[in-house]
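Welcome, and thanks for taking a look at this one. Please keep the sequence and the model open while you read the notes below.

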Amino acid sequence: MLAYLIRRLFAAAVMLVVIVMVVFSIFFLIPKWAGVDIATSFVGKQADPSSVKAVAEKLGLNDPIYAQVWEFFKGIFVGRTYSAGGDVTNCSAPCFGYSFRSEQAIWPVLTDRFPVTLGLALGAAVLWLIFGLAAGVLSALKRGTLWDRGAMVVALAGVSLPIYFTGLLSLAVFSYGLGWLDAQYVPLEDSFTGWLGGMILPWITLAFLYAAMYARITRATMMEILGEDYIRTARAKGLRESVVIRKHAMRSTMTPILTMLGMDLGALIGGAILTETTFSLPGLGQAVLNAIKNQDLPVILGVTLITSLAVLIANLVVDVLYAVIDPRVRLA
Amino acid sequence: MTTQRTSGRRKQALAAAAVVAALLTTAACGGGDSDNGGSKNGAAGFDAANNKVAQASEAKKGGELKFASAQDADSWDTTRGYYGFMWNFSRYYSRQLVTNATEPGKAGAGVTPDLATGLAKVSDDGKTYTYTLRDGITWEDGKPITSKDIKYGIERVWAQDVLSGGPTYLKEVLDPKGEYQGPYKDKSKDKLGLKAIETPDDKTIVFKLPKANSDFEEMLALTSASPVRQDKDTKSKYGLHPFSSGPYKFQSYSPGKDLVLVRNTEWKQESDPIRKAYPDKISIKFFSNANDLDARLIAGDYDLDLAQTGMSPQGRTTALKQHKGNLDNPVSGYIRYAVFPQSVKPFDNEHCRKAVIYGADHVSLQTARGGPVAGGDIGTNMLPPSVPGSEGQKYDPYEMAGANKNGNVAKAKEELKACGKPNGFKTTIAVRNNKPVEVATAESLQASLKKVGITVDIDQYDGAQTPGIIGSPSNVKKKGYGIIIMGWGPDFPSVQGYGLPLWHSDYILDSGNNNYALIKDKTIDGLFDDYVNTLDDAGKEKIATEINHKVMEGGYYLPFVFEKFLNWRSSRLANVYTTDGYSGMYDFVNLGLKSTK
């Protein structure tokens with residue numbers, strides 16, 4: 001088990017290095033090849049040559065790409081100091097870079113925005129697991145009935161409709177129209193009820209999409225498992241149907257669901273860009289979108305790393321949980 | 001397969017129709033307004049605050065003035081900010097020797113004393129400006145604002161290597177040779193080594209210009225001329241919490257999330273002739289969804305849009321239909337245009353440039369910009385209506401708003417013949433990919449030029465990299481960008497504040513260039529030289545008109561519109577007016593609320 005974990009962690013670290021290098025290349029090498037002066041983009045309307053030079057110096061644009069990558073990784077462990085023109089900025093460890101647009105270290109920005117995204121992802125996950133699994137199981141058990149068909153039509157709609165559509169629709173109806181929900185984000189520490197009121201529509205919108213996918217996967221898996229020999233054996237032994245479903249069928253159904261959950265949660269923790277943009281939630285997704293608009297590479301890099309890390313950790317946790325859910329799986 | 005696809009499309013169309021219906025139904029809940037004469041909800045009426053003051057007597061002291069915005073400022077540091085709304089908003093927490101008058105319309109573009117007791121005493125043939133400071137002017141900690149604080153604040157403009165982004169006019173006028181290195185590299189003990197500014201005592205400040213510049217006082221009214229106290233200067237991080245000299249101070253600021261200003265209790269009303277300081281608190285909430293922002297404005301959750309660049313198409317439609325009394329339709333001061341770099345053949349030939357101007361369908365371009373209300377009047381020349389010397393649509397050398405408004409194919413073909421391309425030519429339009437309206441204008445231009453035989457490709461480039469892509473003349477030439485779509489507004493309302501970077505040959509830069517047409521015209525350069533030496537307003541206006549004529553005669557530009565916006569004003573607002581001092585925005589600094597709740 002320990003050896004397995006060490007191997008996976010090592011692979012995760014290698015993957016993170018590769019991701020950082022790819023992101024660096026996209027933002028630094030490609031513009032260079034296209035003949036675009038990146039430093040000029042950071043300076044205002046009246047670009048002064050000294051400011052262009054200083055920005056290049058501060059961002060380390062004159063250094064070779066490997067040196068920039070190395071400085072970035074070093075900063076995570078020992079911090080960094082940026083200096084140009086008599087202005088010295090310290091970025092203490094863990095330094096995930098420094099935004100020259102907002103003059104802020106990236107790590108505090110990420111930690112400030114992370115709870116918003118985490119709250120959104122976890123709240124939505126609870127909803128989509130409850131409704132997605134319930135709808136999927138019921139549909140499998142009542143195959144061909146009106147319930148099954150109705151649930152699958154709703155699920156199809158959920159999968160097909162993009163979030164900016166359902167999000168705007170829910171805002172138009174429940175917030176601007178009926179006025180039932182304010183749908184404006186309030187930090188949890190300011191007011192629990194305010195936070196809850198602001199999160200309900202984003203949760204429902206996000207959960208609608210995912211619940212639909214989970215319902216369809218649950219239904220398909222459950223139907224396949226219900227035809228397995230061991231289910232027939234369990235029934236032949238005289239076990240109650242609820243026990244057969246709960247203890248035998250559900251356990252096997254959960255394996256692919258858990259895999260999906262790991263991947264989805266990991267990706268959402270890196271920022272649910274569309275949901276956060278639609279509802280103006282100040283999370284990581286909104287931060288990365290603003291950063292892309294403003295060419296704020298350090299923020300993009302920071303959020304990309306957090307997303308990658310979240311996906312890798314979620315996958316690791318899922319792999320470990322396999323063994324708990326399904327004793328047939330042994331970690332090798 | 002085909003049937004299924006059709007059915008899918010039908011489903012999508014039905015779904016879209018349902019959303020539109022829902023949006024319209026819900027939007028209709030707010031109740032209607034009359035066109036002009038105010039409304040049941042207390043709105044002053046359509047255009048009631050456009051160039052005139054609306055509901056001035058209803059402003060009460062107290063309450064929270066709520067701004068909403070889809071974008072944060074480039075910086076709240078007075079030296080670094082360049083966005084128009086930042087300059088407007090910064091008057092809450094920063095003062096200058098002189099500032100824009102707090103008057104509606106054209107009068108708002110005039111300069112009035114702020115920290116100084118009066119306008120400058122100008123001597124030495126316009127090369128010396130002397131100011132005396134008022135009594136009772138203080139920082140947020142109660143310490144007096146001195147002439148040295150003002151000098152230090154202005155010196156920061158020289159530190160472009162640390163504080164990039166803001167306007168650099170003062171640096172160019174006071175130190176054209178670039179001898180001073182800025183306060184952070186200043187070897188003198190007090191860091192006040194800039195020779196062009198003298199502070200004989202704490203109440204007097206003297207500016208000594210190497211060469212006269214008739215717009216110098218306009219430059220001192222810019223936010224970048226604000227005082228900064230040396231012991232409070234956090235250099236590149238100053239924009240996160242500027243130290244206040246105005247009636248409000250920063251309480252909290254989280255970039256991209258929110259900003260809250262509260263009263264600066266050390267500020268004294270009697271020391272400030274222009275600021276009324278009605279609200280107790282001023283807040284900005286930043287949104288990432290422009291439609292959500294507009295819906296919140298309409299719902300009354302916020303009072304006005306900080307950016308003041310008009311509502312989104314969806315919000316605009318709802319507001320015009322249901323809440324017209326809450327809208328103003330000011331001229332923004334911006335001109336949207338196409339410009340022809342002379343380095344790209346055949347645009348080195350004047351006749352080829354004019355063929356494009358005549359071939360364009362100006363009504364279609366105006367429609368692509370949003371039409372006469374949301375887009376603006378057809379642009380007929382390159383001087384914005386808010387700039388002294390402008391003749392507006394009266395000067396229309398190519399009859400763009402007259403006989404040729406739908407394009408003149410015959411005249412365009414004549415020009416093509418004269419430029420040696422009777423069968424037309426091929427070129428590329430460069431347009432920012434993050435501005436859908438600009439892409440729409442490019443497509444409109446492409447369609448109309450096809451009729452005269454000019455084939456156009458559209459290259460949508462990364463808008464965030466504008467200065468590095470179209471601001472690099474070598475890149476423009478390499479890419480063959482014969483037509484660039486852009487827009488420009490005045491930094492201060494004068495031909496210098498608008499046109500100098502666009503038309504003067506000294507402003508052709510290797511990167512960050514704005515003279516995209518690469519105009520090297522000795523007559524135009526000479527007129528700018530005459531302008532800075534002309535001290536009387538009538539003479540300045542005459543030269544501004546002449547410069548505009550020269551630019552238009554050269555056929556370097558195809559103006560699309562004199563831009564207009566539709567801006568929202570909540571029914572809670574009082575003492576509201578648009579001002580040419582801030583390009584048709586509401587004058588933020590004296591906004592009040594009718595009720596303090």
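Two strands pair if DSSP finds at least two bridges between them; helices (H or I, at least four residues) and strands (E, at least two) are DSSP runs, numbered from the N terminus. This is a predicted model, where local features need pLDDT of at least 70, side-chain atom pairs count only at pLDDT 80 or more, and totals for chains, interfaces and linings use all residues. Residues are numbered from 1 along each chain as its sequence is written, while chains are lettered from A and ligands numbered from 1 in the order in which they are written.

**Strands in chain B**

- Strand 5 (residues 128-132) of chain B pairs with strand 7 (residues 204-208) of chain B in the antiparallel sense, over five bridges, and B:Thr132 has B:Thr204 as its bridge partner there.
- Strand 5 of chain B also pairs with strand 4 (residues 121-123) of chain B, in the antiparallel sense over three bridges, with B:Ser123 opposite B:Thr128.
- Strands 4 and 5 of chain B make a hairpin with four residues between them, and B:Asp124 in the turn has a positive phi of about 55 degrees.
- In a regular strand the side chains alternate between the two faces of the sheet.
- In strand 5 of chain B, B:Tyr129 and B:Tyr131 point to one face and are buried (20 or more other C-beta atoms within 10 Å of the residue's own, with C-beta atoms placed from the backbone).

**Domains in each chain**

- Chain A has domain 1 (2-95) and domain 2 (107-331), with bounds from an automatic or database domain assignment.
- Chain B is divided into domain 1 (98-235) and domain 2 (333-564), whose C-alpha centres lie 34 Å apart.
- In chain B, 11 residues of domain 1 are in contact with 13 residues of domain 2.

**Between the chains**

- The contact takes 46 residues from chain A and 47 from chain B.
- On the chain B side, helix 1 (2-27), helix 6 (290-299), helix 13 (466-469) and helix 14 (473-479) each supply at least two residues, and helix 1 of chain B gives the most, with five.

Conventions: Contact = placed C-beta atoms within 7 Å. Buried ≥ 20, exposed ≤ 12 C-beta atoms within 10 Å, placed from the backbone.
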